[in-house]
Amino acid sequence: MPEGDTVWQTARRLHTALAGHVLTRSDLRVPKYATADLTGRTVLDVTPRGKHLLTRIEGGLTLHSHLRMDGSWKVYAPGERWSGGPGHQIRVILGTADRTAVGYRLPILDLLRTTDEERAVGHLGPDLLGPDWDPDKALANLLRDSARPLGEALLDQRNLAGIGNIYKSELCFLLRATPWLPIGDLPADHAARLPALAKKLLEANRDRPARSTTGRRDQNLYVYGRAPRPCLRCRTSIRTANQGDGSRERPTYWCPTCQPGPSPHP
């Protein structure tokens, strides 16, 4: 599942493959940009911003993409078989003489002026893996609505950018609070360490092929995806429920013993 660390890895892979090279192939399979041709232009850099990707191209252009739940970028060598999915799922192809980057199932793909990037990412809070990281601002953003459930506040990219369902559940476990606890009820010392803890988790995983929050070899995650297996701390069965407004599934996992507070189940 793409979260801030995954997007950071994707950006690094794309930057290594494309930056400094002239595009010899350009195919944007989105009706709005079907006639756009980027061939002959040099890719300048690929930068992550939270869970967004900004591919900057010579001539003041930026290709903005977002992976959401199922999107991915794959990089292939000449003659290598493409394996990211069926052809009808391809949304963009960017090729150079040495590498071809293929974007699959990208729900968001925009071509905009680089000077207009704020239209796409200006709403985001401090980026946990970015140069703009500001823990004090992130905490102030999170606490702005004290009645909001902790899990929902963590997922709101306007508060801090980079957290998805997995890190939401893991952070709540480490903070010993249910994701449904009003964030204003989180003990002050727990709230104070939240930004640093979130950054520590994402930084520790941005260079790892397999995400881990536990530091253990036998179990990578404390609660996410583990229901109804026993909690690694207390052996109580992990529980799961959806959290949010119902517009999309947000699977949430927690330990009812280690994480006291409100939940959908008694």
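How many salt bridges does the count come to? A salt bridge is defined here as a side-chain nitrogen of Lys or Arg within 4 Å of a carboxyl oxygen of Asp or Glu, and by this rule the count comes to eleven. The structure holds zero disulfides, a disulfide being a pair of cysteine sulfur atoms within 2.5 Å.

This is a predicted model, in which local features need pLDDT of at least 70 and side-chain atom pairs count only at pLDDT 80 or more, while totals for chains, interfaces and linings use all residues. Residues are numbered from 1 along each chain as its sequence is written, and side-chain values use heavy atoms, with hydrogens and water left out.

**Salt bridge between Arg-56 and Glu-117**

- The side chains of Arg-56 and Glu-117 form a salt bridge with an N to O distance of 2.7 Å.
- This pair links distant parts of the chain, 61 residues apart.
- Arg-56 belongs to strand E3 (residues 52-57), whereas Glu-117 sits in the loop between strand E8 (108-113) and helix H2 (118-121).
- Helices (H or I, at least four residues) and strands (E, at least two) are DSSP runs, numbered from the N terminus.
- Arg-56 and Glu-117 are both buried; buried means under 20% relative accessible area, exposed over 50%, and partly exposed in between (1.4 Å probe, protein chains only).

**Salt bridge between Asp-116 and Arg-119**

- Asp-116 and Arg-119 are joined by a salt bridge whose closest N and O atoms are 3.4 Å apart.
- Arg-119 is exposed, at a relative accessible area of 66%, and Asp-116 is partly exposed, at 27%.

**Salt bridge between Asp-27 and Arg-29**

- The side chains of Asp-27 and Arg-29 also meet in a salt bridge, at 2.9 Å from N to O.
- Asp-27 has a relative accessible area of 22% and is partly exposed.
- Arg-29 likewise counts as partly exposed, with 36% relative accessibility.

**Cysteines**

- In general, a disulfide is a covalent bond between the sulfur atoms of two cysteines.
- For the sulfur of Cys-234, the closest cysteine sulfur is in Cys-255, and the distance of 3.5 Å is too far for a bond.
- The closest cysteine sulfur to that of Cys-255 is in turn the one in Cys-234.
- Cys-234 is partly exposed, at 29% relative accessibility, whereas Cys-255 is buried, with a relative accessible area of 0%.
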